[in-house]
Amino acid sequence: MCSALVTGESGQAGTWQRAQAVVPRGVSSGHRVGWQQVFVRAAGAYVWDQDGNRYVDYLNAWGPIVLGHADRRVNEAVFSAASTCDLTGVGPQAGEAELAERICAVMPAAEKVAFCTSGTDATMHAVHLARAATGRLKILKFHGAYHGWNDHVAVGSSRRDLTPASPLNTPNGGGLHPAVVADVIVVEWNDEAGLRRAFDEHGDQLAAAFTEGYMHSFGCVPAEPGFLGLLRSLCTRHGVVMVMDEIKTGFRAAIGGYQSVCGITPDLAVFGKAIANGYSLAGLAGNDALMGHLGAYSKSEATIDGTYNASPYALAAANKTMEIMESEDIFGVLYARGAAIRAGIQAAIDETGAPATVAGLGSQWCVYFRPQLPVNFREAMESDGEMHARYHASLLAQGVLEPAFPTGDRRLNASTTEADVAFTVESVRVALRSAIG
Ligand code: PMP
(Lines give C-alpha, C1' and ligand atoms only; values in the text may rest on other atoms or scores of the structure.)
Protein backbone atom coordinates (compact mmCIF):
# COMPACT_ATOMS: atom_id res chain seq x y z
CA MET A 1 0.00 0.00 0.00
CA CYS A 2 1.26 3.48 -0.83
CA SER A 3 1.29 5.61 2.30
CA ALA A 4 1.14 9.20 1.13
CA LEU A 5 -0.07 11.05 -1.90
CA VAL A 6 2.92 12.77 -3.50
CA THR A 7 2.55 16.52 -3.68
CA GLY A 8 5.00 19.17 -4.77
CA GLU A 9 5.34 19.93 -8.47
CA SER A 10 2.30 21.13 -10.36
CA GLY A 11 1.29 20.73 -14.03
CA GLN A 12 2.96 18.07 -16.17
CA ALA A 13 5.89 17.65 -13.78
CA GLY A 14 3.38 17.01 -11.00
CA THR A 15 1.57 14.37 -13.02
CA TRP A 16 4.85 12.59 -13.74
CA GLN A 17 5.83 12.78 -10.08
CA ARG A 18 2.50 11.35 -8.97
CA ALA A 19 2.72 8.51 -11.51
CA GLN A 20 6.30 7.68 -10.56
CA ALA A 21 5.20 7.17 -6.96
CA VAL A 22 2.82 4.35 -7.88
CA VAL A 23 3.82 3.01 -11.33
CA PRO A 24 7.37 1.77 -12.07
CA ARG A 25 9.10 4.72 -13.79
CA GLY A 26 5.65 6.31 -14.04
CA VAL A 27 4.52 4.40 -17.13
CA SER A 28 3.32 0.96 -18.20
CA SER A 29 5.24 0.85 -21.49
CA GLY A 30 8.99 1.43 -21.78
CA HIS A 31 9.01 3.91 -24.67
CA ARG A 32 6.82 6.33 -22.70
CA VAL A 33 9.74 7.20 -20.40
CA GLY A 34 11.97 10.17 -21.20
CA TRP A 35 9.33 12.78 -21.96
CA GLN A 36 8.28 15.88 -20.02
CA GLN A 37 4.89 15.99 -21.70
CA VAL A 38 1.63 14.50 -20.49
CA PHE A 39 -0.94 14.38 -23.27
CA VAL A 40 -4.53 15.01 -22.29
CA ARG A 41 -6.33 15.52 -25.58
CA ALA A 42 -6.12 14.13 -29.12
CA ALA A 43 -8.14 14.86 -32.26
CA GLY A 44 -7.42 14.23 -35.96
CA ALA A 45 -3.74 14.95 -36.66
CA TYR A 46 -3.06 16.65 -33.31
CA VAL A 47 -2.38 16.01 -29.63
CA TRP A 48 -2.37 18.58 -26.80
CA ASP A 49 -0.28 18.42 -23.65
CA GLN A 50 -1.43 19.27 -20.16
CA ASP A 51 -0.03 22.81 -20.51
CA GLY A 52 -2.22 23.42 -23.58
CA ASN A 53 0.50 23.11 -26.27
CA ARG A 54 -0.63 21.58 -29.57
CA TYR A 55 1.57 19.19 -31.59
CA VAL A 56 1.17 17.68 -35.06
CA ASP A 57 1.42 14.00 -34.18
CA TYR A 58 3.87 11.75 -36.03
CA LEU A 59 4.13 9.24 -33.21
CA ASN A 60 0.51 8.16 -33.58
CA ALA A 61 0.84 5.87 -30.56
CA TRP A 62 3.56 3.87 -32.39
CA GLY A 63 1.27 3.11 -35.32
CA PRO A 64 -2.34 2.33 -34.41
CA ILE A 65 -3.79 5.76 -35.21
CA VAL A 66 -4.16 5.63 -38.98
CA LEU A 67 -7.42 7.46 -39.80
CA GLY A 68 -6.90 10.18 -37.22
CA HIS A 69 -7.17 10.53 -33.45
CA ALA A 70 -10.53 9.95 -31.76
CA ASP A 71 -12.28 9.23 -35.06
CA ARG A 72 -15.98 9.85 -34.41
CA ARG A 73 -17.19 7.07 -36.75
CA VAL A 74 -14.98 4.47 -35.09
CA ASN A 75 -15.87 5.63 -31.59
CA GLU A 76 -19.60 5.50 -32.38
CA ALA A 77 -19.23 1.94 -33.70
CA VAL A 78 -17.40 0.99 -30.50
CA PHE A 79 -20.07 2.58 -28.29
CA SER A 80 -22.82 0.85 -30.21
CA ALA A 81 -21.11 -2.57 -29.97
CA ALA A 82 -20.32 -2.20 -26.28
CA SER A 83 -23.85 -1.12 -25.47
CA THR A 84 -25.51 -3.86 -27.56
CA CYS A 85 -23.68 -7.08 -26.68
CA ASP A 86 -20.32 -6.81 -24.98
CA LEU A 87 -17.84 -9.63 -24.37
CA THR A 88 -19.73 -12.87 -23.63
CA GLY A 89 -16.98 -15.49 -23.68
CA VAL A 90 -19.22 -17.94 -25.59
CA GLY A 91 -18.97 -18.82 -29.27
CA PRO A 92 -18.07 -16.43 -32.08
CA GLN A 93 -18.21 -12.85 -30.83
CA ALA A 94 -20.20 -10.10 -32.53
CA GLY A 95 -18.32 -8.90 -35.62
CA GLU A 96 -15.72 -11.70 -35.54
CA ALA A 97 -16.61 -13.53 -38.77
CA GLU A 98 -17.27 -10.21 -40.52
CA LEU A 99 -13.77 -8.94 -39.76
CA ALA A 100 -12.13 -12.27 -40.69
CA GLU A 101 -14.01 -12.23 -44.03
CA ARG A 102 -12.82 -8.68 -44.68
CA ILE A 103 -9.18 -9.63 -44.02
CA CYS A 104 -9.41 -12.81 -46.13
CA ALA A 105 -10.70 -10.67 -49.01
CA VAL A 106 -7.61 -8.41 -49.09
CA MET A 107 -4.61 -10.11 -47.47
CA PRO A 108 -2.87 -12.64 -49.75
CA ALA A 109 -1.81 -15.05 -46.94
CA ALA A 110 -5.22 -15.05 -45.25
CA GLU A 111 -7.52 -18.05 -45.61
CA LYS A 112 -8.27 -18.16 -41.89
CA VAL A 113 -7.81 -15.46 -39.25
CA ALA A 114 -7.69 -15.57 -35.43
CA PHE A 115 -7.75 -12.58 -33.12
CA CYS A 116 -5.94 -11.63 -29.93
CA THR A 117 -5.22 -8.34 -28.18
CA SER A 118 -1.62 -7.27 -28.84
CA GLY A 119 1.21 -7.78 -31.27
CA THR A 120 3.14 -9.60 -28.57
CA ASP A 121 0.24 -12.06 -28.20
CA ALA A 122 0.15 -12.56 -31.96
CA THR A 123 3.86 -13.31 -32.34
CA MET A 124 3.76 -15.70 -29.36
CA HIS A 125 0.87 -17.62 -30.96
CA ALA A 126 2.73 -17.61 -34.28
CA VAL A 127 5.73 -19.29 -32.60
CA HIS A 128 3.53 -21.91 -30.92
CA LEU A 129 1.64 -22.53 -34.15
CA ALA A 130 4.82 -22.95 -36.20
CA ARG A 131 6.29 -25.33 -33.62
CA ALA A 132 3.08 -27.38 -33.46
CA ALA A 133 2.87 -27.56 -37.26
CA THR A 134 6.53 -28.51 -37.86
CA GLY A 135 7.50 -30.38 -34.68
CA ARG A 136 10.67 -28.21 -34.58
CA LEU A 137 11.91 -25.69 -32.01
CA LYS A 138 14.26 -23.08 -33.51
CA ILE A 139 13.20 -19.64 -34.70
CA LEU A 140 15.09 -17.46 -37.20
CA LYS A 141 14.79 -13.68 -37.11
CA PHE A 142 16.74 -10.63 -38.28
CA HIS A 143 19.14 -8.47 -36.30
CA GLY A 144 17.43 -5.40 -34.90
CA ALA A 145 13.94 -6.65 -35.76
CA TYR A 146 11.43 -6.22 -32.95
CA HIS A 147 8.57 -8.69 -32.70
CA GLY A 148 7.31 -8.07 -29.15
CA TRP A 149 8.35 -9.32 -25.76
CA ASN A 150 8.01 -13.12 -25.92
CA ASP A 151 11.18 -14.98 -24.95
CA HIS A 152 11.10 -16.69 -28.38
CA VAL A 153 11.58 -13.46 -30.33
CA ALA A 154 12.85 -10.80 -27.88
CA VAL A 155 16.39 -11.52 -29.00
CA GLY A 156 18.90 -9.70 -31.19
CA SER A 157 17.35 -6.24 -31.20
CA SER A 158 18.83 -4.64 -28.11
CA ARG A 159 20.40 -1.25 -28.73
CA ARG A 160 22.53 -1.50 -25.61
CA ASP A 161 26.10 -2.76 -25.92
CA LEU A 162 25.86 -2.84 -29.72
CA THR A 163 29.32 -2.73 -31.26
CA PRO A 164 30.58 -3.66 -34.72
CA ALA A 165 31.65 -7.01 -33.25
CA SER A 166 28.89 -7.75 -30.71
CA PRO A 167 27.07 -11.08 -31.10
CA LEU A 168 23.78 -11.05 -33.01
CA ASN A 169 21.64 -13.04 -30.61
CA THR A 170 21.80 -11.09 -27.36
CA PRO A 171 18.62 -11.09 -25.21
CA ASN A 172 16.66 -7.82 -25.37
CA GLY A 173 16.08 -7.59 -21.63
CA GLY A 174 16.26 -9.34 -18.28
CA GLY A 175 14.10 -12.30 -17.31
CA LEU A 176 14.23 -14.12 -20.65
CA HIS A 177 14.87 -17.86 -20.47
CA PRO A 178 18.43 -18.53 -21.70
CA ALA A 179 17.47 -21.90 -23.24
CA VAL A 180 14.78 -20.22 -25.33
CA VAL A 181 17.16 -17.43 -26.34
CA ALA A 182 19.71 -20.06 -27.43
CA ASP A 183 17.17 -21.48 -29.89
CA VAL A 184 16.85 -18.15 -31.74
CA ILE A 185 19.03 -17.81 -34.83
CA VAL A 186 19.66 -14.14 -35.66
CA VAL A 187 20.78 -13.10 -39.16
CA GLU A 188 21.88 -9.64 -40.35
CA TRP A 189 19.14 -7.91 -42.38
CA ASN A 190 19.95 -7.92 -46.11
CA ASP A 191 22.80 -10.44 -45.66
CA GLU A 192 22.04 -13.04 -48.34
CA ALA A 193 25.12 -15.13 -47.61
CA GLY A 194 24.35 -15.12 -43.87
CA LEU A 195 20.79 -16.16 -44.57
CA ARG A 196 21.86 -19.07 -46.78
CA ARG A 197 24.41 -20.14 -44.14
CA ALA A 198 21.77 -20.08 -41.39
CA PHE A 199 19.45 -22.29 -43.44
CA ASP A 200 22.33 -24.64 -44.37
CA GLU A 201 23.18 -25.03 -40.71
CA HIS A 202 19.75 -24.97 -39.03
CA GLY A 203 17.17 -25.32 -41.84
CA ASP A 204 15.90 -28.75 -40.75
CA GLN A 205 15.50 -27.60 -37.13
CA LEU A 206 13.77 -24.29 -37.84
CA ALA A 207 10.05 -24.02 -37.07
CA ALA A 208 9.66 -20.45 -38.32
CA ALA A 209 11.48 -17.52 -39.88
CA PHE A 210 10.16 -14.13 -38.79
CA THR A 211 10.57 -11.01 -40.86
CA GLU A 212 9.08 -7.58 -41.28
CA GLY A 213 8.40 -7.17 -45.01
CA TYR A 214 9.73 -3.61 -44.80
CA MET A 215 11.96 -3.08 -41.78
CA HIS A 216 10.54 -0.46 -39.45
CA SER A 217 12.15 -1.78 -36.27
CA PHE A 218 15.14 0.48 -36.96
CA GLY A 219 13.45 3.12 -39.08
CA CYS A 220 12.74 2.55 -42.74
CA VAL A 221 15.10 -0.02 -44.27
CA PRO A 222 13.64 -1.98 -47.17
CA ALA A 223 14.74 -5.47 -48.10
CA GLU A 224 17.22 -5.32 -50.96
CA PRO A 225 15.88 -6.69 -54.26
CA GLY A 226 15.57 -10.48 -54.09
CA PHE A 227 16.10 -10.75 -50.31
CA LEU A 228 12.48 -11.53 -49.35
CA GLY A 229 12.20 -13.86 -52.36
CA LEU A 230 15.28 -15.72 -51.14
CA LEU A 231 13.78 -16.06 -47.66
CA ARG A 232 10.52 -17.30 -49.20
CA SER A 233 12.27 -19.97 -51.28
CA LEU A 234 14.53 -21.12 -48.41
CA CYS A 235 11.48 -21.47 -46.13
CA THR A 236 9.66 -23.51 -48.78
CA ARG A 237 12.69 -25.71 -49.48
CA HIS A 238 13.30 -26.45 -45.78
CA GLY A 239 9.66 -26.72 -44.67
CA VAL A 240 9.96 -23.63 -42.43
CA VAL A 241 6.92 -21.45 -41.68
CA MET A 242 7.58 -17.97 -43.11
CA VAL A 243 5.99 -15.40 -40.78
CA MET A 244 5.62 -11.85 -42.03
CA ASP A 245 5.26 -9.43 -39.14
CA GLU A 246 2.76 -6.90 -40.49
CA ILE A 247 2.16 -5.29 -37.10
CA LYS A 248 3.44 -1.95 -38.38
CA THR A 249 2.77 -2.40 -42.12
CA GLY A 250 -0.66 -4.08 -41.99
CA PHE A 251 -3.54 -1.70 -42.84
CA ARG A 252 -0.95 1.08 -43.22
CA ALA A 253 1.37 0.22 -46.15
CA ALA A 254 -1.79 -1.11 -47.87
CA ILE A 255 -5.10 -2.52 -46.74
CA GLY A 256 -3.77 -6.01 -47.62
CA GLY A 257 -0.48 -5.38 -45.83
CA TYR A 258 3.04 -5.09 -47.22
CA GLN A 259 2.72 -8.63 -48.65
CA SER A 260 0.24 -7.17 -51.16
CA VAL A 261 2.83 -4.51 -52.11
CA CYS A 262 5.93 -6.72 -52.40
CA GLY A 263 4.24 -9.75 -53.94
CA ILE A 264 5.79 -12.26 -51.50
CA THR A 265 3.14 -14.27 -49.68
CA PRO A 266 4.16 -15.62 -46.27
CA ASP A 267 2.67 -18.77 -44.74
CA LEU A 268 1.53 -16.76 -41.77
CA ALA A 269 1.09 -13.04 -41.11
CA VAL A 270 0.71 -11.31 -37.77
CA PHE A 271 -1.00 -7.94 -37.59
CA GLY A 272 -2.21 -5.41 -35.02
CA LYS A 273 -1.89 -1.64 -34.54
CA ALA A 274 -3.60 0.16 -37.47
CA ILE A 275 -6.37 -2.39 -37.92
CA ALA A 276 -8.52 -0.86 -35.17
CA ASN A 277 -7.38 2.81 -35.23
CA GLY A 278 -6.23 2.71 -31.61
CA TYR A 279 -8.35 -0.03 -30.03
CA SER A 280 -6.48 -3.13 -28.89
CA LEU A 281 -6.81 -5.80 -31.51
CA ALA A 282 -4.22 -8.03 -33.17
CA GLY A 283 -4.23 -11.38 -34.87
CA LEU A 284 -2.78 -14.05 -37.10
CA ALA A 285 -3.72 -14.87 -40.67
CA GLY A 286 -2.57 -17.87 -42.66
CA ASN A 287 -3.45 -20.69 -44.95
CA ASP A 288 -6.13 -23.14 -43.99
CA ALA A 289 -3.83 -26.11 -43.34
CA LEU A 290 -1.48 -24.18 -41.09
CA MET A 291 -4.20 -22.34 -39.18
CA GLY A 292 -5.84 -25.73 -38.59
CA HIS A 293 -3.13 -26.34 -35.96
CA LEU A 294 -4.46 -23.47 -33.85
CA GLY A 295 -7.15 -23.51 -31.23
CA ALA A 296 -7.27 -27.10 -30.00
CA TYR A 297 -6.58 -28.18 -26.45
CA SER A 298 -4.15 -30.98 -27.20
CA LYS A 299 -0.50 -31.85 -26.75
CA SER A 300 0.25 -31.59 -30.44
CA GLU A 301 -1.72 -28.50 -31.46
CA ALA A 302 -1.27 -24.86 -30.48
CA THR A 303 -3.72 -23.18 -28.16
CA ILE A 304 -5.20 -19.74 -28.56
CA ASP A 305 -7.15 -18.83 -25.48
CA GLY A 306 -7.61 -15.30 -24.23
CA THR A 307 -10.44 -13.77 -22.23
CA TYR A 308 -10.33 -10.55 -24.24
CA ASN A 309 -9.60 -12.08 -27.66
CA ALA A 310 -11.98 -10.80 -30.34
CA SER A 311 -13.80 -8.50 -27.96
CA PRO A 312 -16.82 -6.99 -29.74
CA TYR A 313 -15.81 -3.37 -29.11
CA ALA A 314 -12.37 -3.90 -30.70
CA LEU A 315 -13.92 -5.83 -33.59
CA ALA A 316 -16.39 -2.99 -34.12
CA ALA A 317 -13.48 -0.53 -34.25
CA ALA A 318 -11.66 -2.70 -36.77
CA ASN A 319 -14.71 -3.37 -38.93
CA LYS A 320 -15.43 0.37 -39.07
CA THR A 321 -11.77 1.21 -39.78
CA MET A 322 -11.68 -1.30 -42.64
CA GLU A 323 -15.05 -0.13 -43.96
CA ILE A 324 -13.67 3.42 -44.14
CA MET A 325 -10.49 2.15 -45.85
CA GLU A 326 -12.64 0.25 -48.37
CA SER A 327 -14.85 3.22 -49.20
CA GLU A 328 -12.52 6.24 -48.97
CA ASP A 329 -9.13 6.94 -50.51
CA ILE A 330 -7.29 6.66 -47.18
CA PHE A 331 -4.17 5.16 -48.74
CA GLY A 332 -4.10 7.85 -51.44
CA VAL A 333 -3.98 10.47 -48.67
CA LEU A 334 -1.41 8.56 -46.57
CA TYR A 335 0.89 8.07 -49.58
CA ALA A 336 0.51 11.66 -50.89
CA ARG A 337 1.23 13.27 -47.52
CA GLY A 338 4.09 10.86 -46.79
CA ALA A 339 5.69 11.55 -50.20
CA ALA A 340 5.32 15.32 -49.64
CA ILE A 341 6.97 15.12 -46.21
CA ARG A 342 9.87 13.02 -47.53
CA ALA A 343 10.39 15.35 -50.52
CA GLY A 344 10.25 18.40 -48.23
CA ILE A 345 12.73 16.87 -45.78
CA GLN A 346 15.08 15.95 -48.64
CA ALA A 347 14.93 19.55 -49.94
CA ALA A 348 15.65 20.84 -46.41
CA ILE A 349 18.62 18.46 -46.10
CA ASP A 350 19.99 19.68 -49.44
CA GLU A 351 19.46 23.32 -48.48
CA THR A 352 20.99 23.11 -45.00
CA GLY A 353 23.80 20.72 -45.96
CA ALA A 354 22.96 18.54 -42.95
CA PRO A 355 24.80 15.18 -43.10
CA ALA A 356 21.50 13.34 -43.17
CA THR A 357 19.40 11.05 -45.35
CA VAL A 358 15.69 10.32 -45.43
CA ALA A 359 13.92 7.11 -46.40
CA GLY A 360 10.44 5.69 -46.11
CA LEU A 361 7.32 4.21 -47.63
CA GLY A 362 3.75 5.46 -47.77
CA SER A 363 2.88 7.27 -44.54
CA GLN A 364 6.22 6.45 -42.87
CA TRP A 365 9.72 7.92 -42.92
CA CYS A 366 12.94 8.15 -40.97
CA VAL A 367 15.76 10.71 -41.00
CA TYR A 368 19.20 9.21 -40.39
CA PHE A 369 22.07 11.46 -39.36
CA ARG A 370 24.61 9.67 -41.52
CA PRO A 371 25.59 10.36 -45.12
CA GLN A 372 24.24 7.10 -46.61
CA LEU A 373 21.02 5.20 -46.03
CA PRO A 374 21.58 2.18 -43.81
CA VAL A 375 20.98 -1.36 -45.06
CA ASN A 376 21.08 -3.12 -41.69
CA PHE A 377 20.70 -2.56 -37.93
CA ARG A 378 24.31 -1.70 -37.11
CA GLU A 379 24.42 0.87 -39.90
CA ALA A 380 21.11 2.40 -38.78
CA MET A 381 22.47 2.68 -35.25
CA GLU A 382 25.43 4.69 -36.54
CA SER A 383 23.02 7.61 -36.99
CA ASP A 384 24.47 10.47 -34.93
CA GLY A 385 22.61 10.48 -31.61
CA GLU A 386 23.63 13.97 -30.53
CA MET A 387 22.48 15.56 -33.78
CA HIS A 388 19.23 13.67 -33.50
CA ALA A 389 18.72 14.85 -29.92
CA ARG A 390 19.03 18.52 -31.03
CA TYR A 391 16.78 17.87 -34.06
CA HIS A 392 14.16 16.18 -31.90
CA ALA A 393 14.20 18.92 -29.23
CA SER A 394 13.79 21.61 -31.88
CA LEU A 395 10.84 19.83 -33.51
CA LEU A 396 9.15 19.35 -30.16
CA ALA A 397 9.61 23.03 -29.26
CA GLN A 398 8.00 23.96 -32.61
CA GLY A 399 4.98 21.70 -32.05
CA VAL A 400 5.98 18.59 -33.98
CA LEU A 401 5.78 15.29 -32.08
CA GLU A 402 7.94 12.41 -33.27
CA PRO A 403 9.32 9.27 -31.58
CA ALA A 404 12.24 10.27 -29.36
CA PHE A 405 14.10 7.31 -30.79
CA PRO A 406 16.67 8.31 -33.43
CA THR A 407 15.99 5.25 -35.56
CA GLY A 408 12.30 4.59 -35.38
CA ASP A 409 9.89 5.19 -38.23
CA ARG A 410 7.75 8.32 -38.05
CA ARG A 411 4.19 8.04 -39.34
CA LEU A 412 1.33 10.33 -40.14
CA ASN A 413 -2.39 9.66 -40.05
CA ALA A 414 -4.92 10.36 -42.77
CA SER A 415 -6.25 13.49 -41.03
CA THR A 416 -2.92 15.25 -41.64
CA THR A 417 -3.51 18.17 -44.01
CA GLU A 418 -1.31 19.71 -46.71
CA ALA A 419 -0.94 22.71 -44.39
CA ASP A 420 0.32 20.41 -41.60
CA VAL A 421 2.88 19.00 -44.02
CA ALA A 422 4.05 22.48 -45.04
CA PHE A 423 4.33 23.50 -41.37
CA THR A 424 6.28 20.31 -40.60
CA VAL A 425 8.72 20.77 -43.47
CA GLU A 426 9.38 24.34 -42.33
CA SER A 427 9.95 23.06 -38.78
CA VAL A 428 12.31 20.37 -40.10
CA ARG A 429 14.39 23.06 -41.86
CA VAL A 430 14.82 24.89 -38.53
CA ALA A 431 15.48 21.61 -36.67
CA LEU A 432 18.17 20.52 -39.16
CA ARG A 433 19.98 23.85 -38.65
CA SER A 434 19.81 23.31 -34.93
CA ALA A 435 21.07 19.71 -35.34
CA ILE A 436 24.22 20.78 -37.18
CA GLY A 437 24.76 23.62 -34.68
N1 PMP B 1 6.09 -6.44 -34.12
C2 PMP B 1 6.39 -5.22 -34.58
C3 PMP B 1 7.00 -5.08 -35.94
C4 PMP B 1 6.15 -4.09 -33.79
O5 PMP B 1 6.46 -2.87 -34.27
C6 PMP B 1 5.56 -4.26 -32.52
C7 PMP B 1 5.26 -3.07 -31.62
N8 PMP B 1 5.95 -1.91 -31.86
C9 PMP B 1 5.26 -5.56 -32.08
C10 PMP B 1 5.53 -6.62 -32.90
C11 PMP B 1 4.62 -5.79 -30.74
O12 PMP B 1 3.31 -5.31 -30.73
P13 PMP B 1 2.61 -4.88 -29.34
O14 PMP B 1 3.30 -3.64 -28.85
O15 PMP B 1 1.18 -4.65 -29.72
O16 PMP B 1 2.78 -6.02 -28.40
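**View 1. Antiparallel pairing of strands E13 and E14 in the predicted model.** Strand E13 (residues 357-361) pairs with E14 in the antiparallel sense over five bridges, and the structure shown is a predicted model. Trp365 of E14 is the bridge partner of Gly360, while in the hairpin of the two strands, which has two residues between them, Gly362 takes a positive phi near 55°.

**View 2. Surroundings of strand E14.** Because five of the five residues of E14 (residues 364-368) are buried, the strand is largely enclosed by the rest of the structure. Both of its faces are covered, with Gln364, Cys366 and Tyr368 buried on one side and Trp365 and Val367 buried on the other. E14 also runs antiparallel to strand E16 (residues 410-411), to which two bridges join it, and here Trp365 stands opposite Arg410.

**View 3. The nonpolar cores.** The largest nonpolar core has 58 residues, and those with the most contacts inside it include Leu99, Phe251 and Tyr391. Leaving aside residues up to four places away in sequence, Tyr391 touches Val367, Phe369, Glu402, Val428, Ala431, Leu432 and Ala435.

View 4. Val74, Ala77, Val78 and Ala81 are buried in H2; seen down the helix axis, the buried residues fall within an arc of 100°, so they line one face. These buried residues pack against helix H10 (312-327), whereas the face turned away from the buried side carries the exposed residues Arg72, Phe79 and Thr84.

Conventions
Residues numbered from 1 in each chain as written. Predicted model: local features only at pLDDT ≥ 70, side-chain atom pairs only at ≥ 80, totals over all residues. Heavy atoms only, no water. Core = buried A, V, L, I, M, F, W, Y, C linked by side-chain atoms within 4.5 Å. Buried < 20%, exposed > 50% of the residue type's maximum accessible area, 1.4 Å probe, protein only. Contact = heavy atoms within 4.5 Å. Helix = DSSP H or I, 4+ residues; strand = E, 2+ residues; numbered from the N terminus. Arc of directions from axis to C-beta. Pairing = 2+ DSSP bridges.
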